[in-house]
Amino acid sequence: MMIGIPQHLHFFHLNINSVLKKIDELRIIAKESNAAVIGLTETKIDDTVHNEEIEIDGYVLERSDRDRKGGGVACYKRNDISYNIREHFSDDI
């Protein structure tokens, strides 16, 4: 038995095609699924959209915007999940 490992840790990803248009549905999904991490692509937001507009109760939001025409990613992590943000990646890929 491993100590300190959550028993029901699950993740999901959505290509959301504009988080602003679908935030209410996303909040319902988050509440019903209680997912540990929700990853989003194609968020289609920019720095004019404040975190408060797309927050989900019980989750911490990390995001990297592109613009409202396309792109952008976001990650919602449940409040009880510890994490570190890695900011520097190798170019040796």
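**Charges and fold in a predicted model**

R63 and D65 join their side chains in a salt bridge, with 2.7 Å from N to O. The model is predicted, and this pair belongs to a set of four salt bridges in the structure. Along the sequence, the chain runs in the order β-α-β-β-β, which amounts to one helix and four strands.

**Salt bridges**

- In the pair formed by R63 and D65, R63 is partly exposed at a relative accessible area of 24%, and D65 is likewise counted as partly exposed, with a relative accessibility of 29%.
- A further salt bridge links the side chains of R27 and D24, at 3.4 Å from N to O; because these two residues stand three residues apart in helix α1, which covers residues 19-33, about one helical turn separates them.
- R27 is partly exposed, its relative accessible area being 28%.
- The side chains of D46 and R68 also form a salt bridge, here with 3.6 Å between N and O; since D46 sits in the loop between β2 and β3 while R68 sits in the loop between β3 and β4 (73-78), the pair ties together parts of the chain that are 22 residues apart in sequence.
- R68 is partly exposed as well, with 44% relative accessible area.
- As a general point, side chains of opposite charge can pair when their charged atoms come close.

- What is the nearest side chain of opposite charge to K77, and how far away is it? It is E62, at 4.6 Å, and because a salt bridge requires a side-chain nitrogen within 4 Å of a carboxyl oxygen, K77 has none, although K77 is buried.
- K77 is placed in strand β4, and, leaving aside residues up to four places away in sequence, K77 touches A36, V37, G58, Y59, V60, E62 and Y83.
- On the surface, E52, E53, E55 and D57 come together in a patch of negative charge.
- Of these residues, E55 belongs to the loop between β2 (37-41) and β3 (59-64), where E55 is partly exposed with a relative accessible area of 41%.

**A buried loop residue**

- S18 is located in the loop between β1 (11-15) and α1, and S18 counts as buried because its relative accessibility is 9%, which is under the 20% limit used for that class.
- When residues up to four places away in sequence are not counted, the residues that S18 touches are E42, T43 and K44.

**The chain as a whole**

- The C-alpha trace spans about 50 × 40 × 20 Å along its principal axes, and 30% of the 93 residues in the chain count as buried.
- Among contacts with a separation of 6 or more, 56% are made by residues 24 or more positions apart.
- The accessible surface of the chain is about 7,000 Å², and carbon and sulfur atoms account for 51% of that surface.

Notes. Residues numbered from 1 in each chain as written. Predicted model: local features only at pLDDT ≥ 70, side-chain atom pairs only at ≥ 80, totals over all residues. Heavy atoms only, no water. Patch = residues over 30% accessible without salt bridge, like charges linked within 9 Å, V, L, I, M, F, W, Y side chains within 5 Å. Areas by Shrake-Rupley, 256 points an atom, 1.4 Å probe, with all protein chains shown as cover. Lys, Arg positive; Asp, Glu negative; His and termini not counted. Charge placed at Lys NZ, Arg CZ, Asp CG, Glu CD. Buried < 20%, exposed > 50% of the residue type's maximum accessible area, 1.4 Å probe, protein only. Contact = heavy atoms within 4.5 Å.
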